[in-house]
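Please work through each task before reading its solution.

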Amino acid sequence: MDLRGTTILAVKKGKKTVIIGDGQVTMGESVIFKSNAHKVRRLFNDNILVGFAGTTVDAFSLCEQFEKMLSKYSGSLIRSAVELAKSIRENPKGNTNALMIVADKTQLLIVTSVGDVIEPDDGVCAIGSGGNYALSAAKALVRNTDLDAKDIALKAMDIASDLCVFTNKNFVVEELSE
């Protein structure tokens with residue numbers, strides 16, 4: 001039985017950073033196991049946002065490890081992400097399947113359960129089953145509208161949920177401002 005969390009999108013535009021996630025958890029390829037999961041959280045005194053996708057146990061574990069690194073490195077986003085990646089690479093856990101988007105007021109990163117840290121080029125990134133749908137919609141909205149980060153995130157996730165059977169419309173949104 002494979003439980004998976006699905007679509008997470010992050011948008012940084014102007015002085016605002018938003019991470020949004022849908023609420024669907026899917027068992028295998030055909031069963032909606034939960035429809036109102038919260039896969040977006042605030043960490044480190046509400047100064048860090050995290051959204052996670054992938055196999056649920058791996059996603060929760062990755063998030064927990066990241067939270068420990070934030071405590072160890074006084075909330076430094078990049079340092080915590082890099083140290084987590086180094087720790088994962090030094091002590092691989094085998095077949096893990098999770099991704100996170102982490103953000104503070106100035107930076108977005110994707111962190112993987114195999115020890116990668118990736119910074120998106122243009123302030124937009126997405127993970128999970130519907131990630132590519134949400135990413136495409138968000139990039140189009142960033143380039144062609146004057147919408148703010150939150151409105152872009154909401155509209156892009158709505159589009160992704162119309163296209164991806166693993167993404168629903170029970171959105172959880174968290175926002176940081178510079």
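Aspartate 46 is partly exposed, with a relative accessible area of 46% (buried is under 20%, exposed over 50%, partly exposed in between, with a 1.4 Å probe and protein chains only). The model is predicted, so local features need pLDDT of at least 70 and side-chain atom pairs pLDDT 80 or more, while totals for chains, interfaces and linings use all residues. Residues are numbered from 1 along each chain as its sequence is written, and side-chain values use heavy atoms, without hydrogens and water.

**Exercise 1.** Locate aspartate 46 and state its phi.

Solution. Step 1: aspartate 46 belongs to the loop between β6 (40–43) and β7 (48–55); helices (H or I, at least four residues) and strands (E, at least two) are DSSP runs numbered from the N terminus. Step 2: its phi is near 65°, a positive value in a residue other than glycine.

**Exercise 2.** Is serine 74 buried or exposed, and where does it lie?

Solution. Step 1: the loop between α1 and α2 holds serine 74. Step 2: phi of serine 74 is near 55°, positive although the residue is not glycine. Step 3: with a relative accessible area of 61%, serine 74 is exposed.

**Exercise 3.** Which element gives the largest share of the lining of the largest pocket?

Solution. Step 1: a pocket is an open set of points on a 1 Å grid over the protein atoms alone, where a 1.4 Å probe fits, with protein on both sides within 12 Å along at least five of seven lines; lining residues have an atom within 4 Å of a point. Step 2: the lining includes Val57, Asp58, Ser87 and Lys93. Step 3: α1 (56–72) and α2 (77–90) each give two or more residues, and α1 has the largest share, five residues.
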